[in-house]
Amino acid sequence: MNVETAHAGDASASAVAQSSQVSAVKPKSHLKVAGQMLGLAIGMFGFGYAMVPLYNIICDITGLNGKTGRVSVESVASAQVLDDREVIVEFVSSINQGGSWIFRPEVKTMSVQPGKLYTTSYFAQNLTDEFVVAQATPSVSPFAAAKYFNKTECFCFTRQPFEAQGSKDMPITFIIDEDLPINIDRVTLSYTFFRSPEQGEGADQS
Amino acid sequence: MSSTDVTHHAADDQGHDHDHDEHGPAPGLMRWVTTTNHKDIGTLYLWFSLVMFFIGGAMALVIRAELFQPGIQIVDPMFFNSMTTMHAIVMIFGVVMPAFVGLANWMIPMMIGAPDMALPRLNNWSFWIMPFAFTIMLSTLFMDSGGPAGGWTLYPPLVLQMGDSFAYVIFAIHFLGISSVMGSINIVATIFNMRAPGMTFMKMPMFVWTWLITAYLLIATIPVFAGAVTMLLTDRFFGTSFFSAAGGGDPVMFQHIFWFFGHPEVYILILPAFGIVSSIIPTFARKPLFGYDSMVYATASIAFLSFIVWAHHMFTTGMPLAGELFFMFSTMMISVPTGVKVFNWVATMWRGSMTFETPMLFAIGFVIMFTVGGLSGLMLAITPADIQYHDTYFVVAHFHYVLVPGAVYSLMAATYYWLPKWTGNMYDETLGKWHFWISTVFVNVLFFPMHFVGLAGMPRRIPDYSLQFADWNMIATIGAFGFGFSQLMFVYIIVKCVRGGEKATSEVWEGARGLEWTVASPAPYHTFETAPVLDAGTVTR
């Protein structure tokens, strides 16, 4: 079981061995393998970015992260109302990073019937002396309820412009799907109010 | 071992014939700048990571000194936070990864009978990017807005609140990533194309196998990380809203993208260690590795599973039950191939003629203490328990057990094991054993108490803590200083060995197996310029 180097013999023999070895190894192209690996690396860089839309699609389907749905008014009209079931909806508000806002729901709780359309509103006031664009992001808890909590109209769909010290009531129209799991009798809708990073870029981008 | 000790004399003579004339290294400092020799580049990588080991270690000592007693005594909280962040970045990207790449550079061509790496110039670039990247990274500590302080995981929105030096951090991370990907491409090309005739895949040493799989992990995940930090960069400076909720983004999405990279990354930090230990234990047990095939398959399964377990880092972000269950069970599944490996190492030692030279001590220390870290990892995998453990010192104890007496011990074992091959001199065995025992005592004094304070609820990444954690923190700090300063012995032993000592034979170790032991010690500047002939009975692993 010896390990021998091929050129253990005299010089000419080693030269012959060397050339034969070289010709045996040469056909394998390093550039081909390296190119494939580089392609994989570039592909995975793209995959990193592809995870952004993938993530949003998965969140929409599963209701993960409490992302709520948006439905049209027509589809709501056909919904079946369950008279014998009541669900408490709680409204919560919070302000990101201590911005200068008043931001609160008009009512703290509502008792609603699944399948029926309801409207309520949030009040917001800009306490600064400058024009500010704000964006609210919704979250529904428990997450399992998120995909049954649908809105036909919401101030969170668009960016909201505020004059200096300006205020407004912002409506939200929602419906809870009649398929809401029977073990859920209380749903919390939470809004966080952000100052938009890009000012004055027009309202509707989300 | 009669199988490998026969023809070194021929190899020795050949090596010297080559070395003394035209093929030697260029003289002077430019040798190291322009070198394309795999051994030179391996040496550069190893010295670089040794230097970074002390920089990262000094940061760890700042952290532990502040935590010696409750209250804020030594550094202000912001600097403390940038120490925890930098310590992690330096140790992961500046110590463990480059050290493994250095070993790969040195050993893989010699193990597979290749004259050099496949792409030697690329190899030079891969190394020389790193010192510059780390200079940029470390320079942020001296900038007005300070170093990164939001944790090495760079979670938004916290990390986006960092000052303008953030751009330097991202730039440095990009370059470190480019270096890693180029190094990995080189390793894959070398292993695919440069094996000696007859060196089939299933004849490759385990170290080569584990590095092949690690290289794939690196190529597949580092670009994802590059994408994630690029998104952070554009969020911070160019008005995009990938992770900013105000613009419709989602900070939790960063965690998904980050850990899609981050979990394979932790296997990048440990798979080559498995390969090292799988080389050392058979040598000193004087038996072939038990269950070689199952080792290969276990390594591949760990690599595959590492891609589908990432969200176990995120159990507390809120996930549907189905997700929690999936990630819990897939995480636990990793303990099966890992268990196969530990079993195989123990079975290799079983009834072997074992001797306990320093590399073997470190390898056995690795097996025992890595398993401790593995078991606490299994505890963390249990979702309901993790909600209690999350972001406590229990997590810190877990990943330090797998990384310090795990990955770092494997690097020390590898250094002692191959140092005679690199330098031609035996290291000081007595000092080596002292180094092992002192390190092992202190590393446990350092990290074991962290389990206790973690279970008692002490959060990580804070400069101050409640009084009830004071005793264990004091003990951990004593362990940290003991461990840190005992590493000066390591440097002393290496330098002493480089400068001289008892001459090593080609085989070095009585039970050594594999092609790297058939060349002279020190390994000639060029080895296997003509491929070795491997017949059916040649032992290559």
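Analyst: Helices here are DSSP runs of H or I with at least four residues, strands are runs of E with at least two, and both are numbered from the N terminus. The model is predicted, and every value below is computed from it.

Arg286(B) sits between α9 (271-285) and α10 of chain B. Phi of Arg286(B) is near 55 degrees, a positive value in a residue other than glycine. Most residues other than glycine have a negative phi. Arg286(B) is partly exposed, because 17 other C-beta atoms lie within 10 Å, whereas a residue needs 20 or more to count as buried.

The crossing of α7(B) with α10(B) is right-handed. On the α7(B) side the contact is made by Met206(B), Trp209(B), Thr210(B), Ile213(B), Tyr216(B) and Leu217(B), and on the α10(B) side by Met295(B), Val296(B), Thr299(B), Ala300(B) and Ala303(B). By class, this contact of α7(B) with α10(B) has 9 nonpolar residues, 2 polar and no charged.

α7(B) also packs against helix α6 (residues 166-193) of chain B, with the axes 8 Å apart and an angle of about 155 degrees. That angle makes α6(B) roughly antiparallel to α7(B). The crossing of α6(B) and α7(B) is left-handed. The residues of the contact of α6(B) with α7(B) divide into 23 nonpolar, 4 polar and 1 charged.

Within α6 of chain B, Leu176(B) is worth a separate look. Leu176(B) counts as buried because it has 25 C-beta neighbours inside 10 Å. Leaving aside residues up to four places away in sequence, Leu176(B) touches Phe93(B), Met130(B) and Ala133(B). Of these, Met130(B) is 46 residues from Leu176(B) in sequence, while their C-alpha atoms are 6.1 Å apart.

The loop between α5 (120-139) and α6 of chain B holds Pro157(B). The bond from Pro156(B) to Pro157(B) is a cis peptide, with omega near 0 degrees. Most peptide bonds are trans. Leu154(B) is found in the loop between α5 and α6 of chain B as well. Phi of Leu154(B) is near 55 degrees, a positive value in a residue that is not glycine. Leu154(B) has 23 other C-beta atoms within 10 Å and so is buried, while Arg286(B), with 17, is partly exposed.

Chain A has a cis peptide bond too, joining Ser141(A) and Pro142(A), with omega about -5 degrees. Pro142(A) lies in the loop between β7 and α4 (143-146) of chain A. Strand β7 (residues 132-141) of chain A has 8 of its 10 residues buried, so this strand is largely enclosed by the rest of the structure.

β7(A) belongs to an open sheet of 5 strands in the order β5-β3-β11-β7-β9 (chain A), with mixed pairing. The edge strands are β5 (109-112) and β9 of chain A, each pairing on one side only. From one strand to the next the twist averages 30 degrees. With strand β11 (residues 186-195) of chain A, β7(A) pairs in the antiparallel sense over 8 bridges; Pro138(A) has Tyr191(A) of β11(A) as its bridge partner. With strand β9 (residues 160-162) of chain A, the pairing of β7(A) is antiparallel over 3 bridges, and Val133(A) stands opposite Pro161(A) in β9(A). Elsewhere in the sheet, strand β3 (residues 87-95) of chain A runs antiparallel to β5(A), joined by 4 bridges. There the bridge partner of Ile88(A) is Ser111(A) in β5(A).

Key. Residues are numbered from 1 along each chain as its sequence is written. Chains are lettered from A and ligands numbered from 1 in the order in which they are written. This is a predicted model: local features need pLDDT of at least 70, side-chain atom pairs count only at pLDDT 80 or more; totals for chains, interfaces and linings use all residues. A residue is buried if 20 or more other C-beta atoms lie within 10 Å of its own, exposed if 12 or fewer, and partly exposed in between; C-beta atoms are placed from the backbone. Two strands pair if DSSP finds at least two bridges between them. A crossing is left-handed if the near helix is turned anticlockwise from the far one by less than a right angle, and right-handed if clockwise. Two residues are in contact if their C-beta atoms, placed from the backbone, lie within 7 Å. Ala, Val, Leu, Ile, Met, Phe, Trp, Tyr, Cys and Pro count as nonpolar, Asp, Glu, Lys and Arg as charged, and the others, Gly among them, as polar. Axes are lines fitted to C-alpha atoms, for helices over the stretch in contact, and angles run from 0 to 180 degrees between N-to-C directions. Angles under 35 degrees count as roughly parallel, over 145 as roughly antiparallel, 65 to 115 as roughly perpendicular and the rest as oblique.
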